[in-house]
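Subject: Handover of a structure and findings

Dear colleague,

Please find below the structure that I am handing over to you. My findings follow it.

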Amino acid sequence: MNIDDFGVDTITFAGSLEAKLAAMRGAGFTQVMLSARDLAGHPEGPAAAIAAVKASGLRVTGLQVLRDFEGLSGHLHAYKVDMAKAMLDMCRASGSKLLLVCSSTSAHASGELDDRVRDLQKLATLAIPYGIRIAYEALSWGKFVNQYTQAWEVVDRADVANLGLAVDSFHILATGSALDELEFVSPDKIFFVQLSDFMWRDTPSPQDRIDTARHFRVFPGEGVHSEKLVELVRLLDHMGYAGDYSFEVFNDDYVQLPQAAVAERARRSVRWLSQRVSRHSLPLKRRGH
Amino acid sequence: MTIREGNPESSNPLGIDGIEFVEFATSQPQALGNLLQMMGFVPVARHRSREVTLYRQGGMNLIVNAHPNALPGMASPDAVPALSAMALRVRDSAYAWQHAIDMGAWEQTPRVSAMELNIPGIHGVGDTLIYFVDRYRDFSIYDVDFVPIPGAERHPPALAGLHYFGLVQSVSADRSDDWIDFYRRLFGFSVLPEGQYFGVLPKGTLLESPCHSFYLQLIEPPPGADDIVWEESLVRIGLGTPDVLAAVRALQSRGVAFIDHKSVQPTDKGALTQVYLGGVTFELVVSHLQPPTLAAPAGAAREQRP
């Protein structure tokens with residue numbers, strides 16, 4: 001593995017979008033996972049944010065995140081479809097070929113698998129004309145989908161080419177999910193992998209997982225689940241996953257450090273992982289790049 | 001063609017029944033019109049208020065939309081004419097539109113369309129639109145917006161049995177599966193088995209309409225073509241004819257030139273015209289599909305009255 005396989009989520013850093021992009025570039029990264037807030041919250045507006053991304057020369061890994069989309073009905077569904085369309089427009093404008101969607105936490109969502117499948121099929125279909133792929137992630141506090149196996153069940157059942165799975169190591173580590181089921185996932189249906197760890201062994205309740213996820217993540221190699229995290233990346237590599245990895249590290253300390261210091265930690269994490277996982281097959285061409 | 005049995009409703013939820021019209025956008029309506037007339041189309045009516053002309057031959061309606069905003073970039077006088085829309089005949093256009101929206105289509109954004117009549121549409125590939133038309137049996141949508149061209153035959157016969165066979169769409173690398181899902185989920189198209197091709201350009205993926213009367217062909221960029229600018233769009237009309245070589249002769253006599261070299265030359269299976277106006281070609285494909293019934297036989301009968 002090398003640094004070109006990895007990007008960093010902008011949410012990992014403090015400061016302006018330009019400062020974040022410069023820090024990533026400075027540390028040798030070649031791609032960036034954008035947050036929709038980077039565009040919407042830019043003081044000079046979304047067009048300036050997009051211009052900054054383009055000027056950085058960093059490839060856009062994807063855009064996050066569409067929340068609480070699936071399983072709603074009536075006016076709530078219509079509202080979320082509007083939000084989804086707006087985010088697809090943002091993907092298109094920013095050159096992002098991937099939209100990250102995390103599993104619903106809404107108390108208003110239906111618990112029926114068929115409803116989730118139908119809604120994600122619809123979202124994926126909306127994304128087709130724009131050439132955008134939808135990566136569906138199991139949030140570890142999702143109401144009905146909180147394990148990657150459940151997210152995969154939806155993706156597999158939906159059977160739409162541009163809908164795939166987003167694997168997030170944090171949520172797998174937080175729920176203590178076994179990795180063996182991952183081997184049943186078709187590697188070309190894994191669209192994206194987010195990596196992070198945390199510094200205590202267990203997060204027993206959903207609230208523990210939420211608090212840890214939002215404030216206390218660390219880079220791979222800095223936490224206490226290194227063995228399992230390496231096992232996950234080795235397994236993905238062994239399965240033939242050839243897509244992007246991104247560090248998504250929500251951490252209250254990192255957002256009060258200089259961006260360059262955090263980017264250096266990210267670079268160190270790449271080195272740490274590369275020493276433990278040697279990517280055995282680099283593809284000639286990756287889809288969507 | 002094989003004869004299919006079974007309940008057509010189950011595989012054709014929208015009641016798709018062929019192509020009602022295909023639309024070109026152009027800033028060169030005269031030049032494109034001349035080309036279309038060489039291809040056997042006849043200008044039969046003009047729009048009441050816009051620079052839009054209806055061409056027809058046999059069961060084919062073809063609209064030339066010369067409004068500068070018909071497509072992005074079309075205001076430039078030397079813009080290459082581009083396919084900008086296809087209209088599908090359906091059982092109930094409002095139902096078809098709602099079904100498509102519910103399944104994940106984008107409703108068309110307002111733009112200067114060829115029709116003032118409200119024809120529901122959704123986004124297709126690139127900047128193109130897909131319309132749904134349900135008035136094609138005993139009422140013609142063109143009666144509302146168009147005025148017949150004096151002296152023109154309203155229902156000119158098709159040259160050499162030409163009829164719409166399908167449309168060719170370019171897709172980006174590795175995107176065929178996405179577009180297969182698009183046409184399969186929204187309209188009920190199905191993929192023909194690999195190796196089943198028509199015409200002289202056997203490549204890409206062929207999708208058959210649920211009414212089994214026309215095809216979409218998806219073409220990815222050729223391998224090693226990373227330097228080619230390859231945008232997703234509708235690139236070509238396929239015209240079916242029962243006798244390709246007879247059609248080639250008939251068209252050649254009208255001045256149409258066909259590509260004729262080793263890899264692509266007219267055969268009894270198909271033929272490809274040369275590129276006109278910087279990017280317009282027509283493909284002929286052997287086809288024994290019955291040309292659809294004329295749009296307005298009742299209107300045609302009325303015309304014959306003194």
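What share of the 289 residues in chain A is made up of buried residues? The coordinates come from a predicted model, and in that model buried residues account for 51% of chain A.

Chain A

The secondary structure of chain A consists of 10 helices and 10 strands. Its C-alpha trace extends over about 45 × 45 × 40 Å along the principal axes. The radius of gyration of chain A is 18 Å, which agrees with a compact globule, because a globule of 289 residues would have a value near 19 Å. Of the contacts in chain A with a separation of 6 or more, 82% are between residues 24 or more positions apart.

Chain B

Chain B contains 7 helices and 15 strands. Of its 306 residues, 48% are buried. When contacts in chain B between residues at least 6 apart in sequence are considered, 71% of them join residues at least 24 apart.

The contact between the chains

Chain A contributes 12 residues to the contact, and chain B contributes 15 residues. On the side of chain B that touches chain A, helix α5 (residues 176-187) of chain B gives the most, with 7 residues. That side of chain B comprises 6 nonpolar, 6 charged and 3 polar residues.

In soluble globular proteins, nonpolar side chains tend to be buried together. Here the largest nonpolar core has 178 residues, and A:Leu99, A:Tyr136 and A:Leu165 are those with the most contacts inside it. From chain B, this core draws at least three residues from each of domain 1 (13-148) and domain 2 (159-286).

One of these residues may be followed further. Residues up to four places away in sequence being left out, A:Leu165 touches A:Ala135, A:Tyr136, A:Tyr148, A:Ala151, A:Trp152, A:Val155, A:Val185, A:Lys189, A:Ile190 and A:Phe191.

A:Ala127 lies in helix α5 (residues 113-127) of chain A. Is A:Ala127 buried or exposed? A:Ala127 counts as buried because it has 26 C-beta neighbours inside 10 Å, where 20 or more are required. Beyond its neighbours within four places in sequence, A:Ala127 is in contact with A:Leu88, A:Leu99, A:Ile132, A:Arg133, A:Ile134 and A:Asn162. Among these partners of A:Ala127 is A:Leu99, which was named above for its contacts inside the largest nonpolar core. A:Leu98 is 29 residues from A:Ala127 along the chain, and their C-alpha atoms are separated by 9.3 Å.

Yours sincerely

Note on methods: Residues numbered from 1 in each chain as written. Chains lettered and ligands numbered in written order. Predicted model: local features only at pLDDT ≥ 70, side-chain atom pairs only at ≥ 80, totals over all residues. Contact = placed C-beta atoms within 7 Å. Helix = DSSP H or I, 4+ residues; strand = E, 2+ residues; numbered from the N terminus. Nonpolar A, V, L, I, M, F, W, Y, C, P; charged D, E, K, R; others polar. Rg over C-alpha atoms; globule rule 2.2 N^0.38 Å. Buried ≥ 20, exposed ≤ 12 C-beta atoms within 10 Å, placed from the backbone. Core = buried A, V, L, I, M, F, W, Y, C linked by C-beta atoms within 7 Å. Domains from an automatic or database assignment.
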